[in-house]
Amino acid sequence: MSGLFGTLNNATKGLNVQQSALQTTSHNISNANTEGYSRQKVNMVSDNPYTLGGIGQLGTGVRIASIDRIVDPYVNNQLRNENSSLEMYNKKSEVLGQLEGIFNEPSTTGLNNNLSKVFASWTYLGSNPELATAKTMVAQNAETFTDTLHHMSNQIDSLHEDTVQDIEKNVIDFNAKVQQLDSLNQQIFNMTSQGQAPNDLLDQQDKLLGELTGIAGVEASYDKFNRVSITVGGESVLTEDSIAKMSVATDPAGQLTVNDKTVDITSGNIKGSQEALSEIDTKKQELNELAFTFATAVNTVHSDGGEGLNFFELGTDGNYAASIQVNKEILADVSKINAGKNIESVVGGDGTRAQAIASLQNTKLGYPVDPTGIEYDSDTMTIKNQVGGSTVSGAYNDSVTQMGIVKQQADNMVDSQGSLVSLLEARRDSVSGVSINEEVTNTITYQSAFEANSRIISVVSEMLDTLINRTGV
């Protein structure tokens, strides 16, 4: 179309396009602080020209080719992966911090201090074997030691249970978000198949995918309609036409399954909980080994190799830290504590057996100690040091030190990953984030273009009025 009506049509298109551009700019400004929003840009192109015979082509104005969502898929994917690792280290550090609080070392109320008091009381008894108060002190300090073990064991069990429950809660959240993602996939497909660009839906898709990756590291892929499919540990959780649920196995606790198949994940909040669970189980086992080894060694010397009364009683279920206790007969009558070498008849002033038990503080024992493999010398009332063994205090200190190292490593990774995630977020925001200054500049630009097109319409209207009403035609 040429002539005045062609010009009028061009200006009308210009008005509509600039108006749409202003609307998009307004949409960007409105969502400047919306989490997960990616700025949008109107892509304008010249409309198809009109061919005028003998002259050439005349322009027919402007049209909107697309409204593009400004994103960098590579940066977004990298950010999801690194944030998933950050969530893993955060959760691991959080749980290990609670585990450190249970051990509470070094402190005046910790297990190590109580253990030292037990050995000190045996030393005191060895020097004062005829004092009833010395035997009472041995029994009371030993009971305080076992009570501390019970408390620590129960706290570790509670932390283990809480961590498993946290994994179960995360799995529920994960499955709910997969359902939402499946619904979004359908909406995106419906719009994309009609040639429309579902920009805001794609933002929601990215946000949900990031949340899923934060829970459990997932692998994502897209089809030509921008529908996302995700897998966990090689097992499909969401595809274009199917959806599966993740669940938590009871044995081993915290293990994930999809389609009744065990899956191993490499990052995410759940992975952090799983690694913390492993550390919790290790510390519980080490605590049980310490209780069993210490009680077995003391019992061996106190009973003279099984001939007399055991000082400690142990359960049979392997949960020794929770079951160890001072022999009830001894608590009822502390005179049954064997301080001298002769356990059948007390010899006045003899505290050699008490001193032998006190010397266990420096005896290297195996972990866990094999009662049948103990080399006990009844004449000297000593247990032979075992090759590669450790003292009770040494083994406990090593366990606490190892826990501190693992916690520090997790903390360091939190700091390192946090810096990397912040860098990637800044890079993403530089591409996809809304700049108010830029949008205000665009507003002025589109406003000026709108006013100019309005002016053209006004001019053409005057020209048409002259042509129609004043030329007498």
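In which loop is N226 found? In this predicted model, N226 is found in the loop between strand 5 (219–222) and strand 6 (228–232). Although N226 is not a glycine, it has a positive phi of about 70 degrees. At 31% relative accessibility, N226 counts as partly exposed.

## The chain as a whole

The secondary structure of the chain comes to 11 helices and 14 strands. The chain is more spread out than a compact globule, because its radius of gyration is 38 Å, well over the 23 Å that the globule rule gives for 473 residues. Along the principal axes, the C-alpha trace spans about 145 × 40 × 35 Å.

Of the 473 residues in the chain, 42% are buried. Among contacts with a separation of 6 or more, 68% are accounted for by residues 24 or more positions apart.

## Helix 11

Helix 11 covers residues 436–469 and has 34 residues. From its first C-alpha to its last, helix 11 reaches 48 Å, close to the 50 Å expected at 1.5 Å a residue. The buried residues of this helix are E439, Y446, N453, V460 and L464. These buried residues pack against helix 1 (3–30) and strand 1 (40–46).

One of them, N453, shows such packing in detail. N453 has a relative accessible area of 13% and is therefore buried, the cut-off being under 20%. Apart from residues up to four places away in sequence, N453 touches N10, A11, G14, L15 and Q18.

Helix 6 comprises residues 269–302, and T300 lies in it. K283 also has its place in helix 6. What is the relative accessible area of K283? The value is 2%, so K283 is buried. Leaving aside residues up to four places away in sequence, K283 touches L99, F103, S399, Q402 and M403.

T300 is likewise buried, with a relative accessible area of 14%. The residues that T300 touches, not counting those up to four places away in sequence, are G305, G306, I374, Y376 and I383. T300 and G351 are 51 residues apart along the chain, and their C-alpha atoms are separated by 16 Å.

The table sets out the computed accessibility of the individual residues discussed in this report.

| Residue | Relative accessible area | Class |
|---|---|---|
| K283 | 2% | buried |
| N453 | 13% | buried |
| T300 | 14% | buried |
| N226 | 31% | partly exposed |
| N104 | 36% | partly exposed |

## The largest pocket

Rolling a probe the size of a water molecule over the atoms shows where empty space is left. The largest pocket has a volume of about 600 Å³. How many residues line the largest pocket, and which lie nearest its centre? The lining consists of 24 residues, of which E35, G36, L79, K207 and R428 lie nearest the centre.

Helix 2 (73–103), helix 5 (199–215) and helix 10 (392–432) each supply at least two residues of this lining.

## Backbone geometry in the loops

Most residues other than glycine have a negative phi, and most peptide bonds are trans. The peptide bond from E105 to P106 is cis, with omega near -10 degrees.

N104 is found in the loop between helix 2 and helix 3 as well. N104 has a positive phi of about 50 degrees although it is not a glycine. With 36% relative accessibility, N104 counts as partly exposed.

A further cis peptide bond runs from D251 to P252, with omega near -5 degrees. P252 is found in the loop between strand 8 (246–248) and strand 9 (256–258). N226, with which the report opened, has a positive phi of about 70 degrees, and its loop lies between strand 5 and strand 6.

Conventions:
Residues numbered from 1 in each chain as written. Predicted model: local features only at pLDDT ≥ 70, side-chain atom pairs only at ≥ 80, totals over all residues. Heavy atoms only, no water. Helix = DSSP H or I, 4+ residues; strand = E, 2+ residues; numbered from the N terminus. Expected span 1.5 Å × (residues − 1). Buried < 20%, exposed > 50% of the residue type's maximum accessible area, 1.4 Å probe, protein only. Contact = heavy atoms within 4.5 Å. 1 Å grid on protein atoms, 1.4 Å probe; cavity = no way out; pocket = protein on both sides within 12 Å on 5 of 7 lines; lining within 4 Å. Points joined across faces, edges and corners; volume = space filled by probe spheres on them. Rg over C-alpha atoms; globule rule 2.2 N^0.38 Å.
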